[in-house]
Every structure is written in C-alpha cells, then in structure tokens.
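This report covers a sheet, a helix and some aromatic contacts in one model. Please view the sequence and structure first.

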Amino acid sequence: MAAADPAAAASFRRAVGPYPLRLPLPRAPPPGRLRVSSTVVALHKRNPKRLKYAAERQFKRGDAGMLRVKVEPSGEDFWKLDPVIDLINRGAVGVIPTDTVYSIVCDLSNNESIERLRRVKGIGDSKPLSILCRSLRDIDTYTTGFPRGTNQGQPNIFRAVKRVIPGPYTFILPATKQFPKQCIRHGSSTRYAKRRQVGVRIPDDPICQAILQNLDEPLICTSVKYLSEDEWILDPVIIADLYEPLGLDFIVDGGPRIADPSTVVDMTGTDPTIIRQGKGPKLDWMVAEDEEEEAQSKFAFKAA
C-alpha cells in the first residue's frame with residue numbers, strides 16, 4: 001500500500017476542522033403550522049358532546065356511483081345489507097323501504113348528512129323531519145315520551161301505543177335537547193308556534209328493522225316523492241333513476257310499496273289527534289282533527 005501524502009492529509013484536516021462531523025439540525029416549522037397545532041389542542045379540550053356534532057363525517061361517493069342492493073321483502077337475505085350499514089355510518093344518504101312508503105334516510109348525529117338529505121329531497125330548513133326508531137327507548141331519549149297516565153284520571157296512552165308499534169303510525173311528540181336542532185319542527189300556525197316537535201316511527205318492516213337494529217342511533221327520514229308532484233314514488237327502480245343524479249348514495253330495493261303513507265297522530269294536545277289518515281286505522285283512543293276542532297268550538301261557546 002502506498003504511503004499517505006503528509007501534505008494532502010494536512011489539507012483535509014484544515015477543511016474538516018478539529019471537531020467531529022455534525023448533521024444539520026431540523027428546521028423549525030413555519031408559524032402557520034404552529035397555529036394549526038394549537039387549534040387541534042383546543043379541540044381536544046372541548047366538551048365531548050359538542051365535539052360529536054362539530055366533527056362531521058363527510059362522505060364522498062366513489063366513481064362507481066350509487067349502490068343498489070336488492071333484498072327479499074321477507075328478509076331472508078339480510079346479509080346483503082352490510083355495505084348499506086357501513087355507508088350510513090360513514091355519512092351517506094340513501095333510500096330504504098318501510099312498512100308504508102320508501103324513505104330517504106341518513107345518520108341522526110351527522111349534520112352534514114342531514115343538510116345533504118334536504119338538498120336531495122329539495123326541501124328547506126322549515127320542513128320537519130322525522131326519525132325511524134329502533135325501540136321505545138329511542139323515543140324516550142329524543143322526545144318527552146308518551147303520557148303514562150295519572151291518578152287524576154289521565155289515560156295511560158303509553159300502554160295503548162305499545163299495542164300498535166311497530167306499525168304504520170307517526171307520532172308527533174315534544175322533542176328533547178338530544179334531538180338535532182335543524183330537524184325540529186317549529187309550527188307555523190299559532191297552535192304550534194312555540195313548540196319544538198318531532199315525528200317518531202317504529203316501522204313494522206323486516207328490512208327496515210334489520211337496518212335499524214345494526215345502527216347505534218335512529219335514522220333521520222323523509223318520504224320519497226316525485227320532484228314536481230306531491231305524490232309518493234312506490235317503485236324503487238323509478239326512485240333510483242330520479243334521485244341518483246341528485247346525489248343519492250344508495251338504495252335498498254325491497255320491492256314495490258303500497259300507496260298509503262303512515263297515519264300521523266299529534267300527541268302534543270289534550271287528546272291524540274289524527275292530522276293525516278294513512279295506512280294505520282283510527283283507534284278508539286284517537287280523535288280526528290275535525291272532531292277536536294268541533295269539541296273546542298263547543299267548549300268556547302259554552303264558556304262565552
């Protein structure tokens with residue numbers, strides 16, 4: 001091996017210096033990133049209940065377009081609903097069958113999905129939305145519930161309602177603070193002007209029940225109608241053709257439905273009052289809206 005040149009070695013030492021070689025220190029992040037980090041820390045300090053509604057799950061439909069799932073009305077192939085459950089949990093907006101007509105649904109706790117549902121249906125913020133519930137426990141969570149009766153003679157409406165649900169009824173009840181504000185009905189008439197109300201349903205449909213029982217919360221819902229007519233669409237094929245271009249994410253095809261919507265019963269007054277007669281029959285503990293108005297007129301006349 002050739003001997004090292006003393007002059008070249010001395011030149012190398014002068015270039016490197018007497019200290020060991022050091023790696024450059026990482027550069028400090030720009031001020032903008034520091035501000036973002038401090039915001040993230042602030043979010044972690046917020047109330048978890050408020051954070052649940054602030055941190056939206058924004059769903060984006062893929063290139064494949066709308067998901068279509070055909071299920072037997074008897075519910076013998078419920079395993080096909082797994083991707084639908086996943087889409088709902090991710091914030092998707094879609095259509096499912098009920099025991100009356102088809103409904104557009106989305107996750108109750110996802111504000112962004114609720115706004116998308118309104119855009120797909122073409123309705124404004126003043127239009128009330130209902131909820132599809134899994135059980136009476138859901139109804140007690142998001143509303144004040146049904147009257148249990150008193151010793152002063154008030155009837156036990158809760159016991160009567162238990163006999164007809166699941167079934168084709170929508171019950172209007174006062175909403176609690178747990179229910180999203182943008183879904184609460186503020187009545188336009190004097191009768192409902194200061195009340196916060198919501199319609200609740202427990203459908204008697206095996207497909208709908210299978211979806212609800214696999215979710216952690218009820219579903220926001222509104223019935224599916226033609227865009228320019230006040231008429232329900234009963235054929236899922238027509239629904240898909242009309243609503244897919246509007247941004248619908250999925251549809252569960254459970255076969256054609258019947259032409260009757262649910263019977264709507266107002267539970268916020270003195271008596272349970274039918275404000276829309278539908279598939280559910282009028283029961284002896286319900287009164288029709290015109291009957292209640294007639295009774296109120298007679299009472300006012302006697303009082304005068």
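This is a predicted model: local features need pLDDT of at least 70, side-chain atom pairs count only at pLDDT 80 or more; totals for chains, interfaces and linings use all residues.

Residues are numbered from 1 along each chain as its sequence is written, and side-chain values use heavy atoms, without hydrogens and water.

Helices (H or I, at least four residues) and strands (E, at least two) are DSSP runs, numbered from the N terminus. An open sheet of mixed pairing is formed by 11 strands, in the order 1-8-2-3-7-4-6-5-9-10-11; two strands pair if DSSP finds at least two bridges between them. Strand 1 (67-70) and strand 11 (287-288) are the edge strands.

Helix 4 (residues 82-89) has Val 84, Ile 85, Leu 87 and Ile 88 buried, that is, under 20% relative accessible area with a 1.4 Å probe and protein chains only. Seen down the helix 4 axis, the buried residues fall within an arc of 160 degrees, so they line one face; the arc is that of the directions from the helix axis to the C-beta atoms. Just after helix 4, Gly 91 has a positive phi of about 105 degrees.

Two charged residues sit over rings, with NZ of Lys or CZ of Arg within 6 Å of the ring centre and within 35 degrees of the ring normal:

| Charged residue | Ring | Distance to ring centre |
|---|---|---|
| Lys 225 | Trp 232 | 4.7 Å |
| Arg 257 | Tyr 102 | 5.6 Å |

Note on methods
Buried means under 20% relative accessible area, exposed over 50%, partly exposed in between (1.4 Å probe, protein chains only).
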